[in-house]
Amino acid sequence: MTNSAIALPPTRINRRRSTKALHDFFSRPFTQRRSQSIAGVRVSPRISVAPSCIGSKHGINMSNTIEISITIHDFATTETAKEIICELYENETESEENWSKVGTSSPVRFSRNIVFPEKFSYQYVFEKTQLVKAVFSRCYDRNKPSSSSSDILATSIFKVDELIGSFGLQLRRQLQKTGNIATALSGTLRQSDEYLGGIIVSAEMPEKEQPIVVQFHGKSLDRKDFLWDETAVFFRVFRLEEGKDDDSLVFLYESEALKNHSHPQWAEFRLDTQDAADNRNRLLEIWVMYKDVDGKEGYIGKFLTTYAKMKYGPGSDNVYSVINDVKKAQKKSYENSGKMELVKFTDVSFYSFLDYIVSGTQLHFEIGVDFSTPEPVHELDQRRFDGELHMAIRAIGSIIRDYTPNRLFAAFGIGAKIPPTFHESNEFFLNFSMDPICRGLDGVMEAYRKTQSMVTPLKESKLSPVINYVTRMSHRSGFRGLHYHVLALFTRGEVTDLKEIQQALNSASDAPLSILIIGMGDFDFTPLQKLCSKRKDGRRDVVQFIHLKSLLNGAEAPWLNKSRIAETALRNVPHHMVQYMHNANIAAKPPIQVCRSPLFHSSSLIPDKPTEFDFELTKDNRHVGIEIPSLMPNLILPPDLSPRPRQDRRGSDTQYLDIETMRGSLTVRVPERCHSVLQTSREQYQRRLKERGLARMKFPRVELSTLESSGGSTQDSSL
């Protein structure tokens, strides 16, 4: 949405309640008033500070900017230091030599749990594999942080995609003495690494601008001359800030000038919510002006409104009388100098791709492989095709999988004769199962290898059946706005259903779906390229064609080719998804927050360590204690239930209860936090048992038939 208004810097007008001074002030051109100070009116420019994005080498785009916070949890290093610092580095490649510094925190006193107060601003890019490394080092001098490798206490490397796709924008990683990119990408830790503690990485979204869209229509506005009037009418919008001695008007917007005093209708314009509605009842003063052919301006009148009043929308409540205070004071019969009517008001929130992702939208990746070949394929060509297919699926899938919690991918086959009857099919499941879902990218590649040895390729293929199937699947995926699908079709053959593909793409434009058609090999894909480049009015962009051969360079490292494939294929997916959400009027919900209440936390239900079993039980460590009547009547609790000091580290030995069976054949160590979500202490647990008289009670086994015959109840009244 573009404004045709005159671009003017924000200005502030300090005025007294002098009508004549204002009238004299309006007779001067607006561009000459900023540096003048006349009786009763003074205009001065307002200083506005643009937000900065510190530590990002990309262009500033606040819609894709996140703020990263670092916290060390249970720092278990054997080395000591008085103060430590956190240095953040970024890398968009798989080379260890390409790390660039994002920022450095201020020195913090060394302790077991460390919270770094600084927030690092980082520019998020969806189609790139962005790595971030946190390095924790000793600090001897606050002005000169140490750069020696011997002063590095711990490091941690993580992917930004994992942070964005994580629950509550919070990621937990284990600290290592020396980390590398290969370990971070594989997601596995070396067994030889000693435990140094954990790191909690949190991300926040900066406050975004939410503009409001307004449009006014004038009626019977006063003219300069009754007969020969060639002036153009326009208006200016100010925010009124009342003071003790005088009022302050902050300039916000100036409309275009129209040569129509009877029924002018100006173009819609945008106002930032923070400027126009920092307070819902903030007064907005609108001056209606005219401008003659010589550029001289005149004053018609003004009116007041508020954001809360305009929010009612067009109607009788938003029809305003334009009042000229000079004419009103001179003429008793004066009513107004015309009318101004609100014809459009929209409280718009322009949500970005990142807004939808952090509010819970999941991405799903579907793959379709075309087995058809126009000519017989040589074995070397087939190996080359398999290698390029493997690289492309890995390049695209390795990014999307971080936004898919279950990491399950649907895979389809196209253009082959399939067993057992070997009939021609352009839509079959790649795993030859009742469900096209494969577990992980490895499952997709394993299904492809098995299918390739079982099917017979066709000479021609049709892509529309798979597109229609995935379109229907995307409609059934769940609540609107929580799921978005990306379908990648790999083909090297001749596609014969171009008209059906166009119809399928038209249907897919209304679905939460983006389609990537990837041409492989040396075949002429001109018809597909023309089809994907067609744009129909009223339909959103949904498809993109990529010729894989143009992106591959055999002389470069494989990770460079993978990076180029992912960037080219996924560059338009954020735009496709945002366009779908806006067309469907789906608003991004507030970001998911991790519950940090001391009474309840989801981590209380899932201990860090599982239940431990000790099968080597000796007589010395057997206990004879209190019998607990519960669903496990054979378990005996140790008699010493006094609370012991609890360490900071979750899952430590002091947070386990040793429970022993009566026969002495098994000792079970149950995590203490499993007892109650409310974190009941041992002393409270013992006191509650004694209050209910359950410390030494045994519940005999009672048959249901006995209760029914005696008319008793299955509930104990003492409870």
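Two strands count as paired here if DSSP finds at least two bridges between them. With that in hand, an open sheet of four strands has the order S17-S14-S21-S20, with antiparallel pairing. Helices (H or I, at least four residues) and strands (E, at least two) are DSSP runs, numbered from the N terminus.

This is a predicted model, so a quick word on ground rules: local features need pLDDT of at least 70, side-chain atom pairs count only at pLDDT 80 or more, and totals for chains, interfaces and linings use all residues. Residues are numbered from 1 along each chain as its sequence is written, and side-chain values use heavy atoms, leaving out hydrogens and water.

**The chain overall**

- The chain carries 16 helices and 38 strands.
- Of its 719 residues, 47% are buried, where buried means under 20% relative accessible area, exposed means over 50%, and partly exposed is in between (1.4 Å probe, protein chains only).
- Among contacts in the chain with a separation of 6 or more, 72% come from residues 24 or more positions apart; contact means heavy atoms within 4.5 Å.

**The four-stranded sheet**

- In the sheet S17-S14-S21-S20, strand S17 (269–272) and strand S20 (319–321) sit at the edges, each pairing on one side only.
- Neighbouring strands of this sheet are turned by 35 degrees against each other on average, direction ignored.
- Strand S14 (residues 211–219) pairs with S17 in the antiparallel sense over four bridges, and Ile212 stands opposite Leu271 in S17.
- On to S21 (residues 339–347): S14 pairs with this strand over eight bridges, again in the antiparallel sense, and Val213 has Thr346 in S21 as its bridge partner.
- S20 and S21 are joined in the antiparallel sense by three bridges, with Ser321 opposite Lys339 in S21.
- As background, strands of a sheet pair through backbone hydrogen bonds, either parallel or antiparallel.

**Other strand pairings**

- Three strands make an open sheet in the order S25-S24-S28, with antiparallel pairing; its edge strands are S25 (423–425) and S28 (456–457), each pairing on one side only.
- Strand S24 (residues 416–418) and S28 pair in the antiparallel sense over two bridges, and Lys417 has Thr456 in S28 as its bridge partner.
- Seven of the eight residues of strand S11 (residues 152–159) are buried, so S11 is largely enclosed by the rest of the structure.
- Strand S10 (residues 131–138) runs antiparallel to S11, and seven bridges join the two; Leu131 stands opposite Lys159 in S11.

**Helix H8 against helix H9**

- Helix H8 (residues 379–400) and helix H9 (residues 440–452) pack at an angle of about 155 degrees, with their axes 10 Å apart. That makes H8 roughly antiparallel to H9.
- About those terms: axes are lines fitted to C-alpha atoms, for helices over the stretch in contact, and angles run from 0 to 180 degrees between N-to-C directions. Angles under 35 degrees count as roughly parallel, over 145 as roughly antiparallel, 65 to 115 as roughly perpendicular and the rest as oblique.
- The H8 and H9 crossing is right-handed; a crossing gets that label if the near helix is turned clockwise from the far one by less than a right angle, and is left-handed if anticlockwise.
- On the H8 side, the residues that meet H9 include Phe385, Leu389, His390, Ile393 and Arg394, while the H9 residues include Leu441, Met445 and Tyr448.
- The residues of this contact of H8 with H9 divide into six nonpolar, five polar and three charged. Ala, Val, Leu, Ile, Met, Phe, Trp, Tyr, Cys and Pro count as nonpolar, Asp, Glu, Lys and Arg as charged, and the others, Gly among them, as polar.

**Helix H11 against helix H12**

- Helix H11 (residues 498–508) and helix H12 (residues 526–533) pack at about 25 degrees, with axes 11 Å apart. That makes H11 roughly parallel to H12.
- H11 passes H12 in a right-handed crossing.
- Leu498, Ile501 and Gln502 of H11 make the contact with Pro527, Leu528 and Leu531 of H12; these residues divide into five nonpolar, one polar and no charged.

**Helix H14**

- In helix H14 (residues 573–583), the buried residues are Val573, Pro574, His576, Met577, Val578, Tyr580 and Met581.
- The buried residues of H14 pack against several elements, including helix H7 (353–358), strand S22 (362–370) and helix H13 (558–570).
- Just after H14, Asn585 takes a positive phi of about 55 degrees.
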